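Hi,

Here is the structure I promised to pass on. Please open it alongside this note; my findings follow below.

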Amino acid sequence: MDTQISYILAIESSCDDTACAVLKNDKVLSNVVAGQEIHEKYGGVVPELASRAHQSHIVPVITQALKQAGIKKEQLNAISFTRGPGLMGSLLVGTSFAKSLALALNIPLIDVHHMHGHILAHFIDNDGQEKPSFPFLAITISGGHTQIVKVADYHDMEVIGTTQDDAIGEAFDKSGKLLGLGYPAGPQIDKLATSGDPLKFPFPIPKAPDLNYSFSGFKTAVLYFVQREVKKQPDFITNNLNDICASIQHTLIKILFQKIEKAVQQTGIKTVAIGGGVSANSGIRSQLNSYKEKGWNVFIPPFEYTTDNAAMIGISAYHKYKKGYSA
Ligand code: KG4
Ligand code: ZN
């Protein structure tokens, strides 16, 4: 099947982005994402509003993805969709659409685990750039996950570390909310941190066993710190915003890499690939790159494949399709 050409349409609707991509084997022909600004004023994703927005976005997004790819739906070989995890109402919109389309076109339907998508995004053809070789460690960091995954093959993955409470993306977003930043705060903290002092405000490093993580204590530490300082100086946040953001980011990076280092030591696997929305963070990207000096082989996805997108679902589906899988 390797020499065959297959066109796969992928739909991702697990949270607050309605996304559709068309792939020709491992090449992305189109990658359309419609975000949902409606959640900004609520400081987080409102599930009911998310599913309603998916309902109105899905047809235009799919139409645009096909148009940009220059492909007619009759040329498609398979339809893929995010099976989960995610918000049930949001997932249902993408799932129902994918099922109906596959049925109408009489072609295979391929379900994909959202986090596998974030990991396999590294296998999207990127102008012939090197791809991770198996086995490697995938670090999935998003608004809902923080995991260390041992990847033995495209669909042979073992979670060897995970968060026991909040995800790292939540730690960014909730800390940012305490500082009055809009949702999602992660990208704003990243930006503000570039001109701040990362060592100005030391925050504690939460303890978690083995290769696991804990972020809920961190968020509480930021809350108490901000409350205490604002009491002393009402303009504290405005006067120190860059330094606070740099200190938050510095601590989260420290927490993240402590366990990544431990995982590399324990497994002896020195190939490390990051994925998920938080892997867009500039501090995390440069920290990972610095480990090249220690002989690590590191992989960082292009920005368009870090936050939720359908191309990552399409590449995962492609590797299932090659094996003859159908849902
Ligand atoms: O993967 P994703 O788009 O959705 C989930 O599956 O959760 O990840 C969204 C998360 C949010 O928490 C957002 O704040 C975070 O990714 N994020 C960032 C950055 N860009 C997105 N966090 C830190 N720095 C960034 N540059
Ligand atoms: Zn995601």
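Charge first. The chain carries 30 positive and 30 negative side chains. The centres of these two sets lie 2 Å apart. Keep in mind that this is a predicted model.

Next, the zinc site. The zinc ion (ligand 2) has three protein donors: H114 through NE2, H118 through NE2 and D308 through OD. Along the chain, the donors follow the spacing H-x3-H-x189-D. H118 and D308 link distant parts of the chain, being 190 residues apart. H118 belongs to helix α3 (residues 114-120). D308 is in the loop between β10 (297-299) and α9 (311-321). Are H118 and D308 buried or exposed? Both are buried.

Now the fold. The chain has nine helices and ten strands. Its radius of gyration is 20 Å, close to the 20 Å that the globule rule gives for 327 residues, so the chain is as compact as a globular protein of that length. The C-alpha trace spans about 65 × 45 × 30 Å along its principal axes.

Contacts and surface come last. Take the contacts between residues at least 6 apart in sequence: 71% of them join residues at least 24 apart. Of the 327 residues, 52% are buried. The accessible surface of the chain is about 14600 Å². Carbon and sulfur atoms account for 52% of that surface.

Best wishes

Conventions. Residues are numbered from 1 along each chain as its sequence is written. Chains are lettered from A and ligands numbered from 1 in the order in which they are written. This is a predicted model: local features need pLDDT of at least 70, side-chain atom pairs count only at pLDDT 80 or more; totals for chains, interfaces and linings use all residues. Side-chain values use heavy atoms; hydrogens and water are left out. Helices (H or I, at least four residues) and strands (E, at least two) are DSSP runs, numbered from the N terminus. The radius of gyration is taken over C-alpha atoms; the globule rule is 2.2 Å times the number of residues to the power 0.38. Buried means under 20% relative accessible area, exposed over 50%, partly exposed in between (1.4 Å probe, protein chains only). Contact means heavy atoms within 4.5 Å. Accessible areas come from the Shrake-Rupley method with a 1.4 Å probe; for residues, only the protein chains shown count as cover. Lys and Arg count as positive and Asp and Glu as negative; His and the chain ends are not counted. The place of a charge is taken as NZ of Lys, CZ of Arg, CG of Asp or CD of Glu. Donors are N, O and S atoms within 2.8 Å of the metal (3.2 Å for Na, K and Ca); water is not among the atoms, so sites may look incomplete.
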